[in-house]
Amino acid sequence: MDLGLEGKTVLVMAASRGLGFAIAQAFAREGARVVICGRREEALSLARDRIVRETHNPDVSHVVADVTRAADIEKLFQTAESQFGGVDVLVNNVGGPPLGAFSEVGDDDWQQAFESVLLSAIRSIRLALPHMRQQQWGRIVNVASSSVRQPVDRLILSNTMRAALAGLAKSLATELGPDNILVNTLGPGRIATERVQEIDRAAADRSGISVDAVRRAVEGQIPLGRYGQPDEFAAMAVFLGSAANGYVTGQTILVDGGMVKCL
């Protein structure tokens with residue numbers, strides 16, 4: 001299938017590792033021009049070099065940016081536009097907020113989670129829209145969590161902010177549809193990333209069992225019987241962000257191996 005990504009500029013947030021890295025790499029494999037961002041120059045530079053080396057696509061750039069800072073996001077878009085033109089595909093992705101139950105998080109935690117997960121996406125979308133509207137084409141993919149359908153214990157911050165992100169995407173799909181700008185939300189389930197390892201370790205510490213035991217118990221709840229791989233998640237992100245996707249918008253799609261049972 002021709003995904004129509006040759007020559008498209010894709011901006012992937014928080015892409016030095018984990019799901020963001022896998023998504024950026026997958027877009028680069030399809031011939032897109034890719035810009036990645038993250039907070040640490042060394043990790044970001046290594047990620048960029050690895051993507052170029054493994055995909056043989058030289059059109060990959062990196063920009064150090066903290067997505068909780070408006071000035072950094074503006075600099076990120078300015079760099080993407082000066083190097084490759086306006087952003088055609090925007091992938092909003094950030095690391096998860098700290099773990100904790102409602103009684104364990106305070107106002108500062110809530111504010112930080114809001115700025116990181118939700119406000120960063122709002123600011124990024126705002127900056128991406130002028131170019132997308134001008135060319136009457138754009139794709140926005142928001143990476144959330146399976147918790148938008150089924151909350152995860154002790155992830156109150158993520159549960160709340162990811163659900164808000166899905167609501168934002170649903171609303172924007174209506175507003176932006178006439179401009180041929182499609183907006184969707186992707187919810188990863190148990191994908192084998194550093195974030196999931198952190199969640200499993202926390203569960204093991206609370207329960208007094210091994211991390212392997214936690215993983216086996218979770219895998220027993222997944223119809224496919226295993227954790228997903230980042231590249232499996234990235235494949236869906238690339239489709240939603242491509243020209244091959246011409247009619248899917250306003251949707252929240254889970255990539256979870258069937259783990260979440262609700263409709």
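Hi everyone, and please keep in mind that the model is predicted.

Now look at strand 2, residues 33–38. On one side, strand 2 pairs with strand 3 in the parallel sense over five bridges. Within that pairing, Val 35 stands opposite Ser 61 of strand 3. Strand 2 also runs parallel to strand 1, and four bridges join the two. There, Val 10 has Val 34 in strand 2 as its bridge partner. How many of the six residues of strand 2 are buried? Five are, so strand 2 is largely enclosed by the rest of the structure.

Next, what lies across the sheet?

Two packed helices are described by the angle between their axes and the distance between the axes. For helix 1, residues 18–29, and helix 2, residues 41–55, the axes come within 10 Å and cross at roughly 35°. The crossing of helix 1 past helix 2 is right-handed. From helix 1, the contact uses Phe 21, Ala 24, Gln 25, Ala 28 and Arg 29; from helix 2, it uses Ala 47, Arg 50, Ile 51, Glu 54 and Thr 55. Sorted by class, this contact has five nonpolar, two polar and three charged residues.

Let's move on to helix 5, residues 156–176. With 21 residues at 1.5 Å a residue, helix 5 should span 30 Å, and because its end C-alpha atoms are 30 Å apart, the model agrees with that expectation. Which residues of helix 5 are buried? Among them are Leu 157, Met 161, Leu 165, Leu 168, Leu 172 and Leu 176, and the list also includes Ser 158, Asn 159 and Arg 162. In an α-helix there are 3.6 residues a turn, so residues three or four places apart point the same way. The cover over the buried residues of helix 5 includes helix 4, strand 5, strand 6, helix 6 and strand 7.

Helix 6 is our next stop. Helix 6 has 14 residues and reaches 20 Å from its first C-alpha to its last, close to the 20 Å expected at 1.5 Å a residue. Its buried residues are Val 196, Ile 199, Asp 200, Ala 202, Ala 203 and Ala 204. Part of what covers them is helix 7, residues 211–219.

Just after helix 6 comes Gly 208, with a positive phi of about 70°. Then there is Ile 209, in the loop between helix 6 and helix 7. Ile 209 is partly exposed, with a relative accessible area of 41%. Leaving aside residues up to four places away in sequence, Ile 209 touches Ala 204 and Val 214. Ile 209 and Met 13 are 196 residues apart in sequence, and their C-alpha atoms are 35 Å apart in space.

Finally, two backbone angles. Most residues other than glycine have a negative phi. Ala 14, however, has a positive phi near 45°. Where does Ala 14 lie? It lies in the loop between strand 1 and helix 1, and at 26% relative accessibility Ala 14 counts as partly exposed. Asn 180 also has a positive phi, near 60°, and sits in the loop between helix 5 and strand 6. Asn 180 is partly exposed too, with a relative accessible area of 28%.

One last pair before I hand over. Gln 83 lies in helix 3, residues 70–84, and is partly exposed at 43% relative accessibility. Gln 83 and Leu 99 are 16 residues apart in sequence, while their C-alpha atoms are 37 Å apart in space.

Conventions: Residues are numbered from 1 along each chain as its sequence is written. This is a predicted model: local features need pLDDT of at least 70, side-chain atom pairs count only at pLDDT 80 or more; totals for chains, interfaces and linings use all residues. Side-chain values use heavy atoms; hydrogens and water are left out. The expected span of a helix is 1.5 Å times one less than its number of residues. Buried means under 20% relative accessible area, exposed over 50%, partly exposed in between (1.4 Å probe, protein chains only). Contact means heavy atoms within 4.5 Å. Axes are lines fitted to C-alpha atoms, for helices over the stretch in contact, and angles run from 0 to 180 degrees between N-to-C directions. A crossing is left-handed if the near helix is turned anticlockwise from the far one by less than a right angle, and right-handed if clockwise. Ala, Val, Leu, Ile, Met, Phe, Trp, Tyr, Cys and Pro count as nonpolar, Asp, Glu, Lys and Arg as charged, and the others, Gly among them, as polar. Two strands pair if DSSP finds at least two bridges between them.
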